[in-house]
Amino acid sequence: MRLVLGSASPRRLELLAQMGVEPDAVRPADIDETPAPREEPRPYCARMAREKAQALTLGADEAGLTADTTVSLGRRIMGKPEDRAEAGAFLRALSGRRHRVVTAVCLRVGDEYRAREVVTRLKMRPLSEAEIERYLDTEDWRGKAGGYGIQGPAGAMISWIGGSYSAVVGLPLSETATLLASIGKGPAA
Ligand SMILES: Cc1cn([C@H]2C[C@H](O)[C@@H](COP(=O)(O)OP(=O)(O)OP(=O)(O)O)O2)c(=O)[nH]c1=O
């Protein structure tokens, strides 16, 4: 069976490569990422991963892998910031607080959807306004949920993590390996 990665994220491709998996094709799935009224972060994230999988066009011999990463501060959903001002607002809200990063991964095989969700807890140390502005200047926040990337300069802002580092970066390696094993692929096959 061929594996199609339904993602435009270079991180997801790299994380697959880290476990020795190279997809046969990469087909980014474009969906509407607007949360529903009062939708909570975890169900929202699971719905996004599933809708990305549903949006994929797959051949009969193809399985599709998609994922979604969402930062959650209490019930608040923080997706990819629209602009610098929104990234700054996210960071000011996260500064000195604990939050969660939810990553949902979905494997579509025919009309069957096999899904996993991973919740990682993190603590961001208090950030000064000057530090936030310097980070925003790096542009590293672009395209990253919550307006930060733990794998870049923002790694120095995270004082504690409980859960899966790879899930925060975009793909939980262990759970993805389990899903891929169900189609005979990856390190756990
Ligand atoms: C919190 C955090 C998120 N991110 C990234 C992972 C995801 O790429 C992004 C969240 O956006 P997503 O909507 O999950 O993914 P995407 O739009 O980049 O790609 P696609 O939907 O095509 O798969 O934030 C980091 O790289 N590091 C981090 O520390």
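How many nonpolar, polar and charged residues does the shell around the ligand have?

## The shell around the ligand

In this predicted model, the shell around the ligand is made up, by class, of 10 nonpolar, eight polar and six charged residues. The ligand is surrounded by 24 residues, of which the closest are Ser7, Ala8, Ser9, Ile150 and Gly170. Two or more residues of this shell come from each of helix 1 (10-18), strand 3 (62-73) and helix 5 (165-169), and strand 3 gives the most, with four residues.

## Ala63 in strand 3

Strand 3 also holds Ala63, a residue that counts as buried because it has 25 C-beta neighbours inside 10 Å, where 20 or more are required for that class. When residues up to four places away in sequence are not counted, Ala63 touches Met1, Leu3 and Val4, together with Leu107, Arg108 and Val109, and also Ile183.

A separation of 46 Å lies between the C-alpha atoms of Ala63 and Glu129, two residues that stand 66 residues apart along the chain.

## The largest nonpolar core

The largest nonpolar core contains 47 residues, and the members that touch the most others within it are Cys45, Ala49, Ala104 and Val105.

For Val105, once its neighbours within four places in sequence are left aside, the contacts comprise Ala49, Ala67, Ala115, Arg116, Leu171, Pro172, Glu175, Thr176 and Leu179.

Notes: Residues numbered from 1 in each chain as written. Predicted model: local features only at pLDDT ≥ 70, side-chain atom pairs only at ≥ 80, totals over all residues. Near = placed C-beta within 6 Å. Nonpolar A, V, L, I, M, F, W, Y, C, P; charged D, E, K, R; others polar. Buried ≥ 20, exposed ≤ 12 C-beta atoms within 10 Å, placed from the backbone. Contact = placed C-beta atoms within 7 Å. Core = buried A, V, L, I, M, F, W, Y, C linked by C-beta atoms within 7 Å.
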